[in-house]
Amino acid sequence: MGQVTSRLRNDRSREGSKTAVVGTGNPPAPAPLRREATQEEIDTLPHVADRVPFAAWAVVVAGAAERATYFGIISPWQNHIQNPRGDGALPGILGLGQSTAVNISNAFIMFSCLTPTLFALVADLWLGRFKTLMLGFGLYLPGCVILTTTVLPSAIDGGFAVGGLAASLILIGLGVGAVKATLFALLVKIVPHGSILPQAARALVLAAKSGFRLERAKPSYQKTHYQRLVPWSDQLIDELSRGLIVCRIIFSLLVFYLCITQLYNNLISQAGQTDLGGVPNDMIQAFVSVAVIVFAPIIQAMYSFLGRHSINFPPVARMTVGFFISSAAMAYAAGFQHLIYSTGPCFDRPLACDASQGGSIPNGVNVWIQLPVYVLLAVGEILSLMTAFEYVYNKAPKDMKTIVQALAQLTAALASALGMAISPVARDPNMVVFYASLAGAMALTGVLVWWRFAKYDRIDTQLNQLADPEGATSAVADSSPFSSDPSDTEKANPARPSVGASGEGK
């Protein structure tokens, strides 16, 4: 809405200059430089991003420092857990094998995705955000210290490596949860003080007991039918109803998260089966971040180009394309694994046959052939994950953003739990089928998302204008997953056009 606002400033100023204060003799009061755009302006004017505020840059810097620590810790874990110490061409310590390493990796990711909800409650109901953030750092730092000291040769010889890993997993997971729950909210102040999570959870339980009809969780219904007084208002139920629409989008990321987690376990193992040419096998996955940095501005420029030419590329369409690109990444990984299995000296038992000389000679495939997997995953992440979070941020009511964040973490945790369930098959010679199955599941997700959610692209403006007095609010409420079909919204508002490709009514 930045360009819409700036284009209206002069008109607004001119309007204000003609306004007199009747009966006072005072000069006209200066008109505000900004006003909310009208629906017609949102529908017809191009959407161009506004200036990025300082608080957002502060989040980027602080978050980047924490994420650098996090990924610097977890990236070596697959080698650390899978490979034995001082054996073969790959680094390692514990020698527990690929399946166990994948299982432990997924368990940590699941744990670190569940803890933010716990610490969000701690922050809102007890300590406050700043103290909770400091508590998180107080857990995070000892976890890093324990992990570092227990991989020293003397600690390994003393048998402290396994215990140190377990302790660091718990402490770092708790620290990550506290930081995720408070850092962004502390700087940007988007989470309302006093969490609505307990009330929202109780309201959902009551709605489920009443035939999955969310309107039956309203205070009036509960008092009339059950003589029960509830501590929330009708407004909370209306916001919850609208918020559940965007939560559907969050849950559609389940398989995508499962594909992304391959970066930190199985794809590292796959790279270790190839001719590395002196490059660490756990370094290649860093090219995902490089590819995101390279392709994100290119894709954003594409959105702007399409918007200027009135070519519609709305959010659900972007996510669907991103899912198919991610499916292509897993399909390429399956093809690359087949190439590894088709090449000697160990074929479908890389590093495990006698010809590998104790795991020191990999199969004769260059590791850089794996690079397109990371590029495709990066593009898929930009189109699907980033679009999904932008989508739910724009559409979730203000007081629902806490719940949406919690559900995003829950979805990632469920993906890790699913990864744990399938980890026993993550071993040679099963990996071609493993990656091909992920590719098929990701493609099926893309089809289902388009089938179920493409209709929301046609009511995109209404979803952005949740408080629109012309009827967007009631239309969105009618499309709650706890009530009627979302197609009812189109029947109620047939003439309302959707926003173009470059934005969602920001």
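The largest share of the lining of the second largest pocket, 3 residues, comes from helix α5, a helix being a DSSP run of H or I of at least four residues, numbered from the N terminus. This is a predicted model, in which local features need pLDDT of at least 70 and side-chain atom pairs count only at pLDDT 80 or more, while totals for chains, interfaces and linings use all residues. Residues are numbered from 1 along each chain as its sequence is written, and side-chain values use heavy atoms, with hydrogens and water left out.

The pocket is lined by 23 residues, of which Gln 82, Asn 83, Pro 350, Leu 351 and Ala 352 lie nearest its centre. Two or more lining residues are given by α5 (98-127) and by α13 (266-272). A pocket is an open set of points on a 1 Å grid over the protein atoms alone, where a 1.4 Å probe fits, with protein on both sides within 12 Å along at least five of seven lines, and lining residues have an atom within 4 Å of a point.

| Class in the lining | Count |
|---|---|
| Nonpolar | 7 residues |
| Polar | 12 residues |

Elsewhere, the crossing of α11 and α18 is left-handed, meaning that the near helix is turned anticlockwise from the far one by less than a right angle. Ile 245, Arg 248 and Ile 249 of α11 make the contact (heavy atoms within 4.5 Å) with Arg 452, Phe 453 and Tyr 456 of α18.

Notes. Ala, Val, Leu, Ile, Met, Phe, Trp, Tyr, Cys and Pro count as nonpolar, Asp, Glu, Lys and Arg as charged, and the others, Gly among them, as polar.
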